[in-house]
Number of protein chains: 2
Amino acid sequence: MRDVRLVLVGLGNLGRRFCEVVAERNDRLGHRYGLRLVLVGAADSRGAAYAPGGLDFQAVADLKAAAGTVADYPQVGRHGWDALALVESAEADVLLEASPVNLEQGAEPGLGCIRAAMRKGMHVVTPNKGPLVVAFQELHDLAKANGVALRYDGTVAGGLPALNVGCRDLRGARVAAIEAVPNLVTGYVMDMLAEGIAWQDATARARSEGVLEADASWDLDGWDAAAKLVILANAVLGANARLEDVERTGIAGLAPATLQAARAAGSRYRLLARAVPGPEGGYKLSVAPTALDSEHPLGRLGRKQMGVVYTTDIYGTITMIIDEPSPIPSASTMLRDLLDIYVDDTSTLVS
Amino acid sequence: MRDVRLVLVGLGNLGRRFCEVVAERNDRLGHRYGLRLVLVGAADSRGAAYAPGGLDFQAVADLKAAAGTVADYPQVGRHGWDALALVESAEADVLLEASPVNLEQGAEPGLGCIRAAMRKGMHVVTPNKGPLVVAFQELHDLAKANGVALRYDGTVAGGLPALNVGCRDLRGARVAAIEAVPNLVTGYVMDMLAEGIAWQDATARARSEGVLEADASWDLDGWDAAAKLVILANAVLGANARLEDVERTGIAGLAPATLQAARAAGSRYRLLARAVPGPEGGYKLSVAPTALDSEHPLGRLGRKQMGVVYTTDIYGTITMIIDEPSPIPSASTMLRDLLDIYVDDTSTLVS
């Protein structure tokens, strides 16, 4: 049995649910993969806790579910101890960086934690788009220089392994185009508008259901989709793209009548992210609300569904769709990425 | 630049097209991955050729496109030299085993070639279902004992990386069910029947277009789908299943009126392969023609499309569909598998 010592930064929706998932199946992971996940440290915005013998995954999840802080963890919690200090002082194998996207602040504190972890020889797993958007190449270079893994499958389209397929299973191909619907809330709002619900009521409903964040612009103006497209394009296409390279149109300017007419014609509007060949080589990146008819591979996405389509020269056209009724799949990408680092069972899969 | 020396057994649709694909992009693979694929040996049913310095990929493809044999390869071709003798005598790194499925003959000659290659320390890549269906566990044990990779992503649903996603990206999850439409020709024939075309005309048309093999029973009676389901269940679910464990219903007994009524109601019949929890634990495996309504994730598959749906506890429900207009994606799975063995760029993807 091998111990894998984890530091988890960020205990919001993703970090907390990751703890719940592991609490419920850590024994099973040991049995199946010979690994025991040990949470030696955890940090949220109010403090941190560190215990070389391991924090209890469920106890951490319970503190957060009760709107508390891991700083209140019995004995080893400390108020005001920040994530970076935890990462720099902890003895651990992997940083799980799950703090919120924060592009305004240069993707901090996530970016700084990731850099510090890799310099210490820790592997990094993160579903946080910010650091990858701001410093994609730098972080890959740093991982290589330090001989550590950098995994971020959860940054694009939640629990759908869109990046993993794009990076691994399309090797050897020329990718002619990528189309993706990587954001849930914009589809939900546009569906409500198409049903005749007013903009203000639709966004209020999305907010009350917790699917629209306080900073509504991040979703509704297409920043979230654009950030995901940048990561897809860089990882799969080697595009070396930045956020400002994306031609970005949000959904706020859409006329309800347009949405209603599309619906009547059997189409659904989705915020479509596209990478297509550019006029001067390379790829042209765009995000825009787009009417998708029912024959489009992503034309029948429901409220809780995201998808990606890869058009390739030698692997045909591959469509992947996830139905994701809760944040658990997104949170579980950290488990997927962790196991991908530590398990090599592709020749020996039979349990 | 690293040379990867290949022996290719089987030069039918898949083997020949693999040669074409590599001929066209070997330079690019070198530039991108630092690998040079060298075809040191190739065998078909009439003979073989061996050249330590490498056969020309395009020349091999051309011989086969002209209905010839690699035994006629200038200087180094030999009539009557069989695949097993080639594998046993060749100095090579990887066996690509692409001979036809042959369950009647104990999956020979593929199985014997795979065993011989692994015992010599060669990695094995194969899109041939036969050896995996007949000897799944034995071959995985043999790979482990010899420290070699065994890759067979092309055995299920052509160029769709269904196995790769199931084996790697679902790690840590409980898989509640698998549904797959892994066979093309049965869907095509059922679509024709639903359009009112008679059984004899529909199968004749499929045969004349080259999509129905000489042994029509393999497809139409569901053997092909059942074989793929066994591989999926064993690889993804650890089910330890055999072909006779699949409750198998082919499409021959379908009443045309049933198909036509389903079509009128907006459904499409497909030969659906399913693994669902069994009454006494484990999984129940079945293959049967099934009406899929348009809301089913696989309910709108076109003539050249296959798909798989994984229902999981922590990664949501993941649907994958491939549109595969030619045999090239299936053939290219050998390139995918090869690169998966030799390339480790998941931390360092930027080209």
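Between chain B and chain A there are 10 salt bridges, where a salt bridge is a side-chain nitrogen of Lys or Arg within 4 Å of a carboxyl oxygen of Asp or Glu. The model is a predicted one, in which local features need pLDDT of at least 70 and side-chain atom pairs count only at pLDDT 80 or more, while totals for chains, interfaces and linings use all residues. Residues are numbered from 1 along each chain as its sequence is written, chains are lettered from A in the order in which they are written, and side-chain values use heavy atoms, with hydrogens and water left out.

**How the two chains are related**

- The same surface serves both copies, since 100% of the contact residues of chain B recur in chain A.

**The interface**

- In this interface 61 residues of chain B are in contact with 61 residues of chain A, contact meaning heavy atoms within 4.5 Å.
- About 5000 Å² is buried between chain B and chain A, with carbon and sulfur atoms giving 49% of it; buried area is the accessible area (1.4 Å probe) that two parts lose on being put together, summed over both.
- One salt bridge is formed by the side chains of A:Glu295 and B:Arg300, at 2.7 Å from N to O.
- On the side of chain B that touches chain A, α12(B) gives the most, with 8 residues; helices (H or I, at least four residues) and strands (E, at least two) are DSSP runs, numbered from the N terminus.
- The residues of that side of chain B divide into 28 nonpolar, 17 polar and 16 charged, where Ala, Val, Leu, Ile, Met, Phe, Trp, Tyr, Cys and Pro count as nonpolar, Asp, Glu, Lys and Arg as charged, and the others, Gly among them, as polar.

**Salt bridges in the structure**

- Over all chains, the structure holds 47 salt bridges.
- A:Arg168 forms a salt bridge with A:Asp340, their closest N and O atoms being 3.8 Å apart, and this pair links helix α6 (residues 162-169) with helix α12 (residues 328-342) of chain A, the two residues being 172 residues apart.
- Both A:Arg168 and A:Asp340 are buried (buried means under 20% relative accessible area, exposed over 50%, and partly exposed in between, with a 1.4 Å probe and protein chains only).
- A network of salt bridges links A:Arg151, A:Arg168, A:Asp340, B:Asp169 and B:Arg171.
- A:Glu244 and A:Arg242 meet through their side chains in a salt bridge of 2.7 Å, N to O, and both of these residues are exposed.

**Backbone features**

- Most residues other than glycine have a negative phi, and most peptide bonds are trans.
- A cis peptide bond joins A:Glu108 and A:Pro109, with omega about 5 degrees, and A:Pro109 is placed in the loop between β5 (94-97) and α4 (110-119) of chain A.
- A:Ala67 has a positive phi, near 60 degrees, in a residue other than glycine; A:Ala67 is found in the loop between α2 (57-65) and β4 (77-79) of chain A and is exposed, with a relative accessible area of 61%.
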